[in-house]
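Please keep the sequence and the structure in view while reading.

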Amino acid sequence: MTSGENSDTIEKSIPKYVKTINANSPEKVQEVLNNFKDEVINEKVEHACIITKSSEVYRAYGTSNNVKVEALGDKLIGATVSHNHPIEETEYSFSNDDISTFYKNQISELIGFDEKYEYKLSRVDLTIDVEPEDWQNEYDVRHANVILDTVYKYHSEFGYTRRERR
């Protein structure tokens, strides 16, 4: 337990089972993810929605700059995981912790979103965005670094894209 956390906070941050869906239905998966995004887009803490390969849906919440999903262990292998980045904390892309969690836990797709963008790391779609022309502005610094990490550090083993939210 870290400073400032109590057992209640730790207990609530453990992913909780919500329901089972047909994860083989792209429409059903998208419906769950869209409902989740609508629900948490303006939250002050990070929330995660996890859809496992075996069709179980879990929810977790964390702090203003982190949400832990690792307690699900092997259920993360091949899972789709989505999480919000609160407006006050976002860097408009994934953090190093996000990328590490995706990579180490063999997550199939990791989706992040904030009020401006939606971004995705994927083992299914290996598309990698082109590096921004002016990547020193506030919206593109982190985005450019994730592109470079994807290409050079992880040798293009997975895709990374970022799109403006509609």
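S2 and S4 run antiparallel and are joined by four bridges; two strands count as paired if DSSP finds at least two bridges between them. Helices (H or I, at least four residues) and strands (E, at least two) are DSSP runs, numbered from the N terminus. Within this pairing, Ala-48 has His-83 in S4 as its bridge partner. The model is a predicted one, in which local features need pLDDT of at least 70 and side-chain atom pairs count only at pLDDT 80 or more, while totals for chains, interfaces and linings use all residues. Residues are numbered from 1 along each chain as its sequence is written, and side-chain values use heavy atoms, with hydrogens and water left out.

S2 is also joined to strand S3 (residues 56-61), by five bridges, and these two strands run antiparallel. Here Cys-49 has Arg-59 in S3 as its bridge partner. How many residues of strand S2 (residues 47-51) are buried? Five of its five residues are buried, where buried means under 20% relative accessible area, exposed over 50% and partly exposed in between (1.4 Å probe, protein chains only). In a regular strand the side chains alternate between the two faces of the sheet. In S2 both faces are covered: His-47, Cys-49 and Ile-51 are buried on one side, and Ala-48 and Ile-50 are buried on the other.

The hairpin of S2 and S3 has four residues between the strands. Ser-55 lies in this loop and has a positive phi of about 80°, although it is not a glycine. Most residues other than glycine have a negative phi, and most peptide bonds are trans. Ser-55 counts as buried because its relative accessibility is 11%. Tyr-92, which is not a glycine either, has a positive phi of about 65°. Tyr-92 is placed in the loop between S4 and H3, and with a relative accessible area of 12% it is buried.

Seven strands form an open sheet with mixed pairing, in the order S1-S3-S2-S4-S5-S6-S7. Its edge strands, each pairing on one side only, are strand S1 (16-20) and S7. From one strand to the next, the twist averages 15°; axes are lines fitted to C-alpha atoms, for helices over the stretch in contact, and angles run from 0 to 180 degrees between N-to-C directions. S5 and S6 run antiparallel and are joined by five bridges. Leu-110 stands opposite Leu-121 in S6. Helix H4 (residues 141-153) lies across S6 and S7, and runs at about 160° to S7; contact means heavy atoms within 4.5 Å.

The pockets remain. On a 1 Å grid over the protein atoms alone, a pocket is an open set of points where a 1.4 Å probe fits, with protein on both sides within 12 Å along at least five of seven lines, and lining residues have an atom within 4 Å of a point. The largest pocket holds about 600 Å³ of space, the volume being the space filled by probe spheres set on the points, which are joined across faces, edges and corners. It is lined by 26 residues, of which Val-29, Gln-30, Leu-33, Glu-109 and Ile-111 are the closest to its centre. H2 gives the largest share of this lining, seven residues.
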